[in-house]
Amino acid sequence: MKINKLFASASILAMLPMAASAATLTINLDQQATGGGTIDLTAEGSLDWMSLGDGTNTGFVAQKAGADFIQTVTVVNLDGISTDWVGDDFGGGPWASTWSTDGDSAGQTGLVGSLEAKSGSVDADKVGLTFDVNVATASDYQLILYGTSFRSFYQLTATLDGTDYLSDVGTQNSESVFTIDFTTTAANETLSILYAQTGDGGGSADNVGISAITLAAVPEPSSTALLGLGGLALIMRRRK
């Protein structure tokens, strides 16, 4: 009887988050000095990941895993003044990339280069990179964006269910890890990301860039509680 009650409680707990859930989002900014190290994208992105740029002045590479949770990353002009464009490490441009399965996705563990939005030499110039994330299933997710900044102050804005969420403002000449935890309540709900300059730190060719993006599913608390109660029930059964 006690075991049956435990399983009944677990079932109730599993249903509670579904009744009380709402679209939510939090952003954490971990700012590092440039040259922040190597990241294992295959470990960070359990659903998918993208690596942008080849670290040279002449080319651009987009490597990805299998899914299509992001279709395009494009540059946006935020002030109407900028002579803005997108490139990789000051090379080529303008770029607006549509992701495909081209590239060597197997064994990709490091970040080399970035997709950059660059403004002109006027301090008032502001540019950014924007993209949409579409997830097929209502659930809890974690998006990680590995960003770069050169002579630019920056901020990340995430929009979910019509609400804007802002990160802290970062300083120029740094690498940043934005961890975005969000919950969707409907299938195919869209999360919109804008990673952009808030100010020019001086000089020319100031830019913000994205080196990689990963997406992972986060287990729901209800599932964890259900597994825990199930294990407790088995222990009690063995003791009897």
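Are Y154 and F178 buried or exposed? Both Y154 and F178 are buried, where buried means under 20% relative accessible area, exposed over 50% and partly exposed in between (1.4 Å probe, protein chains only). The model is predicted: local features need pLDDT of at least 70, side-chain atom pairs count only at pLDDT 80 or more, and totals for chains, interfaces and linings use all residues. Residues are numbered from 1 along each chain as its sequence is written, and side-chain values use heavy atoms, with hydrogens and water left out.

**Aromatic pairs**

- The structure holds 4 aromatic pairs; rings of Phe, Tyr and Trp (its six-membered ring) pair if their centres lie within 6.5 Å, and planes under 30 degrees apart count as stacked, over 60 as edge-to-face and the rest as tilted.
- The ring centres of Y154 and F178 are 6.2 Å apart and the planes stand at 80°, so this pair is edge-to-face.
- Y154 sits in strand β10 (residues 152–160) and F178 in strand β12 (residues 174–183), so that the pair links distant parts of the chain, 24 residues apart; helices (H or I, at least four residues) and strands (E, at least two) are DSSP runs, numbered from the N terminus.
- F178 also forms an edge-to-face pair with Y195, at 5.5 Å centre to centre and 65° between the planes.
- Because F178 lies in strand β12 and Y195 in strand β13 (residues 189–200), their pair ties together parts that are 17 residues apart in sequence.
- Y195 is buried, as is F178.
- Through these ring pairs, Y154, F178 and Y195 are linked into a cluster.

**Sheet**

- An open sheet of 6 strands runs in the order β6-β4-β8-β13-β10-β11 with antiparallel pairing; two strands pair if DSSP finds at least two bridges between them.
- Its edge strands, β6 (97–98) and β11 (163–166), each pair on one side only.
- Strand β8 (residues 127–135) runs antiparallel to β13 and is joined to it by 8 bridges.
- D132 has S192 in β13 as its bridge partner.

**Nonpolar cores**

- The largest nonpolar core has 33 residues; such a core is a set of buried Ala, Val, Leu, Ile, Met, Phe, Trp, Tyr and Cys residues joined through side-chain atoms within 4.5 Å.
- F131, L143, L156, F182, L191 and I193 have the most contacts inside this core.
- Strand β8 supplies the largest share of the core, 5 residues.
- Leaving aside neighbours within four places in sequence, F131 is in contact (heavy atoms within 4.5 Å) with residues including I70, V73, L143, L191 and I213.
- A second, separate core of 7 residues includes I39, L41, Y146 and A212.
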